[in-house]
Amino acid sequence: MSVQVTYDENGKMSISLPECSCGCEHHVPDRDIYVGTNLLEKVPDYIAAKGLGTNCVLVADDTTWRVAGKRVYDALTRQNYTVVPCVIHREGEMLPDDLSCGEVLLSITRDTQFLISVGSGTVTDTTRINAERTGLPFVAVGTAPSMDGYTSAVAPLLHRGVKIQRPAVCPQIIVCDLAVMATAPLPMIASGVGDVLGKYIALTDWKLGKLINDEPCCPVCLELVGNALDALMNNAPEIAAKSEKGMKILTEALLLAGVTIMIIDNTRAVASIEHNIAQYWEMIMVQQGIKPPMHGASVGVATLLVWPLFTRFAHEDLSGLDIECLVANRISREKRERWMLHAYGEEGGRQIMRENPGDFLTDEEHRRRISRICENMEEIRALIAQMPPVDKVREVMKILGAEMTPQEENIPADLLNRSMHCGKDYRTRYTLFKTLDECGLLDEYLADYPYPFE
Ligand SMILES: [Zn+2]
Ligand SMILES: [Zn+2]
């Protein structure tokens, strides 16, 4: 079996997916994805090919208007499209907040047939939520390979200063011009690399989930993301130099990670404990009025933090585990509830518990899992051994000038310690952190992140 990714003369990506009987429900991605150089002038043709209409709102911020928005606008108007520009001006950085979303909404008229976002995360998400609420299709023109969210159907937004996630829609057309991508500042590119490196953890956790909980695990998605990771690891200097080859490898890695979300309709292949921890930092820092690091930058740092727990567990000897003792000493329902409300707040904690009822294990399930872990220790070792040496990951991040530690990202120590303990509780999704917790090892493994809770 082998996944083929090819491009036609217009830069349109096609992915040939082999037959797969992994147990996941598969959807063939039906979005038009274009990657290449000199693509901005072709955007009108891409839109015509998809039959989206001729009347649109084009959303950009000051920077993205300058690097690509104006060119897309000119190309469209030359071909007689009616384009309402919605350029969001800000003194500092534009945020995906109520005001930005409102500006897009008020630019839309009854005649608008589709939306175009020209930007990376913030502009795309601000447009995406409006596309969902108005039912209009949208086109995403990327300007930075900084995160894997172009293909996402969820919009992380700021509502009244609070970080929220809203169901939204995936663009009909995604255009990534590599020359535009190369204009992104290096920290944004390093952020994209961090987001991709986190997939090592996500893939390992997914394989663990299959082993311990018989979770469906798609080899096609594993291969898509695995190949993208290999290419990225082998080409860090090209990426740092922003060469066309480097930009293509990074952009493709981010897009293909997103494509797996379209294929299996969930984010299993792209996000696990490293994303939970990074998102927790972001949520709490926003709440406290501190500017959080870029998404992928946090994911990269969180990846380095959790990695040693995987390598340590590969050497673990579980022969002395007393299953009955572990089951008897499992956290009580009452204490777990207090912990969840403490870590995630009254509203967030209750919502997570409601949405993840299986997370409080029965005695029977707890016993079953520990036994399964003990019986499969050789397989667990083997799948951890498939991860590259962490030093190689560090090296790649260094070449990109990426932030490497929570201190460099100004993550408060208390927040860091708490996040390492509560990241696993964000959802049912199985991770090595649940393995460690269920085997009574987590506190010992997190001795460097003390967070006493009674
Ligand atoms: Zn991400
Ligand atoms: Zn599959």
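In which loop is Asn38 found? Asn38 lies in the loop between strand S3 (32-36) and helix H1 (43-50). The model is predicted: local features need pLDDT of at least 70, side-chain atom pairs count only at pLDDT 80 or more, and totals for chains, interfaces and linings use all residues. Residues are numbered from 1 along each chain as its sequence is written, and chains are lettered from A and ligands numbered from 1 in the order in which they are written. Helices (H or I, at least four residues) and strands (E, at least two) are DSSP runs, numbered from the N terminus.

**Sheet**

- An open sheet is formed by six strands with parallel pairing, in the order S3-S10-S7-S6-S4-S5. Two strands count as paired if DSSP finds at least two bridges between them.
- S3 and strand S5 (82-88) are the edge strands, each pairing on one side only.
- From one strand to the next, the twist averages 15 degrees. Axes are lines fitted to C-alpha atoms, for helices over the stretch in contact, and angles run from 0 to 180 degrees between N-to-C directions.
- Within this sheet order, S7 stands next to S10; strand S7 (residues 138-142) and strand S10 (residues 173-177) pair in the parallel sense over four bridges.
- Gly142 has Cys176 in S10 as its bridge partner.
- Helix H2 (residues 62-78) packs on the sheet and touches strand S4 (55-61), S5, strand S6 (114-119), S7 and S10. The direction of H2 makes about 160 degrees with that of S4.
- H3 also packs on the sheet, where it touches S4 and S5, and its direction makes about 165 degrees with that of S5.

- Strand S1 (residues 4-7) pairs with strand S2 (residues 13-16) in the antiparallel sense, over four bridges.
- Val5 has Ile15 in S2 as its bridge partner, and Gln4 stands opposite Ser16 in S2.
- The hairpin has five residues between the strands, and Gly11 there takes a positive phi near 90 degrees.

**Helix packing**

- Two packed helices are described by the angle between their axes and the distance between the axes.
- Helix H7 (residues 199-213) packs with helix H8 (residues 219-233) at an angle of about 150 degrees, the axes being 10 Å apart. H7 is therefore roughly antiparallel to H8. Angles under 35 degrees count as roughly parallel, over 145 as roughly antiparallel, 65 to 115 as roughly perpendicular and the rest as oblique.
- H7 and H8 cross in a left-handed way. A crossing is left-handed if the near helix is turned anticlockwise from the far one by less than a right angle, and right-handed if clockwise.
- On the H7 side the contact residues are Lys199, Tyr200 and Leu203, and these meet Leu222, Val225, Gly226 and Leu229 in H8. Residues are in contact if their C-beta atoms, placed from the backbone, lie within 7 Å.
- The contact of H7 with H8 has five nonpolar, one polar and one charged residues. Ala, Val, Leu, Ile, Met, Phe, Trp, Tyr, Cys and Pro count as nonpolar, Asp, Glu, Lys and Arg as charged, and the others, Gly among them, as polar.
- Helix H3 (residues 98-107) and helix H4 (residues 121-134) have axes that come within 9 Å and cross at roughly 55 degrees, which makes H3 oblique to H4.
- The crossing of H3 with H4 is right-handed. In H3, Ser100, Cys101, Val104 and Leu105 meet Thr126, Thr127, Ile129 and Asn130 in H4; the residues of this contact divide into four nonpolar, four polar and no charged.
- Helix H6 (residues 186-197) packs with helix H12 (residues 295-313) at about 45 degrees, with axes 7 Å apart. H6 and H12 are therefore oblique to each other, and their crossing is left-handed.
- Among the residues making this contact are Ala190, Gly192 and Gly194 of H6 and Gly296, Ala297 and Gly300 of H12. By class, the contact of H6 with H12 has five nonpolar, seven polar and one charged residues.

**Positive phi in loops**

- Asn38 has a positive phi of about 55 degrees although it is not a glycine. Asn38 is exposed, with 11 other C-beta atoms within 10 Å. A residue is buried if 20 or more other C-beta atoms lie within 10 Å of its own, exposed if 12 or fewer, and partly exposed in between, with C-beta atoms placed from the backbone.
- Lys242, also not a glycine, has a positive phi near 60 degrees. Lys242 sits in the loop between helix H9 (236-240) and helix H10 (244-264) and is partly exposed, with 19 other C-beta atoms within 10 Å.

Methods. Two residues are in contact if their C-beta atoms, placed from the backbone, lie within 7 Å.
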